[in-house]
Amino acid sequence: MFAEILPLLTKALGETIYMVVISMAIASIIGVPLGVLLYTTDKGQILESPALNKIVGSIVNAIRSIPFIILMVAIIPFTRLLVGSAIGTTAAIVPLVVASIPFIGRQVETSLKEVPAGLIEAALSMGATPMQIISKVLLPEAMPSIVAQLTTVIIALVGESAMAGAIGGGGLGDLAIRYGYQRFRPEVMIATVVVLIVLVQLVQFLGNTLAKRLNKK
Amino acid sequence: MIKLSNIEKIYDSPAGKVHALKGINLEIAKGEIYGIIGLSGAGKSTLVRCINMLERPTSGKVIVDGQDMTKLNDSELRNARKNIGMIFQHFNLLSSATVYENIAFPLKLSNVSKDKIAKKVNPLLELVGLKDKANQYPAQLSGGQKQRVGIARALASNPKILLCDEATSALDPQTTKSILDLIYTINKNLSLTVIVITHEMQVIKEICDKVAVISNGVIAESGKVLDVFTNPQHEITKEFISVLLSNELPAAFRGSKISQTKTEGSLLLLRLNFLGESADDPVLAQMIRTCHGVECTMLFGNLDEIHGVPFGRFIIGLSGSENAVQSALEFLGGKDVRVEVIGYVRRNSAALD
């Protein structure tokens with residue numbers, strides 16, 4: 001029986017990892033700068049711009065308040081436009097990215113807020129440009145915290161990717177629903193859950209280790 | 001070197017407008033160590049930040065090295081700031097960077113090559129005595145060592161001015177002493193103009209040439225440290241100095257009624273301030289020899305020096321016949337001593353028990 005489940009599991013795990021890794025990569029490329037923007041345009045910060053901050057902040061809040069399952073369905077036309085189909089593993093990446101960008105933005109903003117204001121002041125007193133402050137002070141100083149926060153985002157993505165899988169995206173969620181639930185095969189369900197638990201533990205462990213290594217405090 | 005004219009700073013706060021600086025005028029000459037002392041909230045930190053425009057004054061002029069800082073655009077201001085080093089109470093070092101990288105930081109901002117950075121940073125490490133700590137992170141250093149890194153970092157871009165914002169307030173007295181010595185040495189060797197912000201008179205006494213006392217956003221008094229110390233005019237200045245030189249009466253007289261006329265069994269208390277060479281003169285011995293019948297009791301004494309100039313402060317009690325006491329007062333009046341007559345005070349009976 002195990003020999004029969006194993007190929008299913010490895011395929012599903014591969015799909016989940018594919019969805020999570022690609023979504024995370026794309027969402028980070030946009031989400032990290034978004035977090036920097038949210039932080040630096042806030043009141044009293046180096047690129048203070050209350051209007052921009054308010055507009056971007058509201059959009060972020062709006063997207064974050066939509067439950068993932070609804071967001072996924074709601075943006076189907078957009079997904080189709082982008083990848084040509086609304087079904088499949090690649091198509092699932094689109095809503096995962098859209099949901100993760102504002103999440104990452106807020107998490108990074110939170111991390112940047114932990115950087116002592118005195119450090120920014122010191123850099124300003126040395127004649128640093130806003131860009132230098134971002135690249136040489138804010139991001140390096142907040143990096144251990146950003147890594148910890150992004151670990152949380154990855155774990156959330158694992159969960160969301162399972163949801164995406166349920167509507168035809170493949171992956172572990174898809175496997176658990178189709179085999180475990182719809183075909184009454186509890187052993188598949190249990191195996192899937194075990195794999196998910198191991199996966200999340202592993203991500204958390206790696207995230208913690210990396211954050212700890214980066215932290216020189 | 002630095003000239004502040006009519007500096008006003010008004011903050012908008014939720015509780016209304018806060019008038020932090022109310023027309024500050026200050027002139028600081030090249031090579032001077034200028035102390036600015038005040039209680040927390042007096043406006044001293046805001047004032048020092050007006051020099052490098054970390055705080056923009058609401059009105060007034062800030063001339064640094066011939067440039068009006070308030071008129072510079074962003075990039076001119078960044079260049080001007082490279083001439084003004086700054087150190088902080090909480091050091092503000094990058095926790096993610098080593099000692100070496102922290103000191104190199106201002107040079108990296110100016111895109112200086114690696115070789116040139118090494119040529120600059122290594123002597124600085126030596127200057128502040130942290131050569132063996134180059135590859136450690138700030139978290140592994142003591143407070144004094146962190147401030148040494150801060151000083152080296154501030155010096156990396158060859159500034160003409162060093163601003164010290166409560167640089168020793170987070171340090172223990174011994175470490176404070178060593179950091180002050182370092183600042184003093186740097187000032188002398190590099191002919192750097194130094195501005196020291198502090199709430200501790202000890203710091204002013206130790207290294208400053210001049211001092212301005214700031215209170216409620218105005219400069220209460222300013223001048224050479226020696227003059228301000230020995231002849232303070234403003235109440236707030238007297239308070240600061242009293243931390244170092246007690247202004248209180250000795251315990252045996254504290255709480256007793258002070259009378260301007262002689263009462264039975266009382267002593268005439270005098271506060272004597274000696275300055276410079278007069279501190280070495282045997283004035284009291286002469287007084288006792290000259291004015292027959294006067295009894296002199298030493299109640300309090302303190303001798304100190306500021307930049308090698310000795311100054312002393314004593315409280316003495318005179319007794320004896322009225323004539324003798326009067327002649328003693330006249331004698332002291334003719335000497336190079338500042339005499340402050342406190343009045344006739346009886347020994348506190350409670351203190352005798």
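Chain B has 12 helices and 15 strands, where helices (H or I, at least four residues) and strands (E, at least two) are DSSP runs numbered from the N terminus. This is a predicted model, in which local features need pLDDT of at least 70, side-chain atom pairs count only at pLDDT 80 or more, and totals for chains, interfaces and linings use all residues. Residues are numbered from 1 along each chain as its sequence is written, while chains are lettered from A and ligands numbered from 1 in the order in which they are written.

**Confidence**
- The mean pLDDT (the predictor's confidence in each residue, from 0 to 100) of chain B is 90, with 99% of its residues at 70 or more.
- For the complex, the predictor gives an ipTM of 0.89 and a pTM of 0.86.

**Overall dimensions**
- The C-alpha trace of chain B spans about 80 × 50 × 40 Å along its principal axes.

**An open sheet**
- In chain B, 5 strands make an open sheet with antiparallel pairing, in the order β11-β15-β12-β14-β13; two strands pair if DSSP finds at least two bridges between them.
- Its edge strands, β11 (258–259) and β13 (294–306) of chain B, each pair on one side only.
- Strand β11(B) is joined by 2 bridges to β15 (residues 337–345) of chain B, and the two run antiparallel.
- B:Ser259 has B:Tyr344 as its bridge partner in β15(B).
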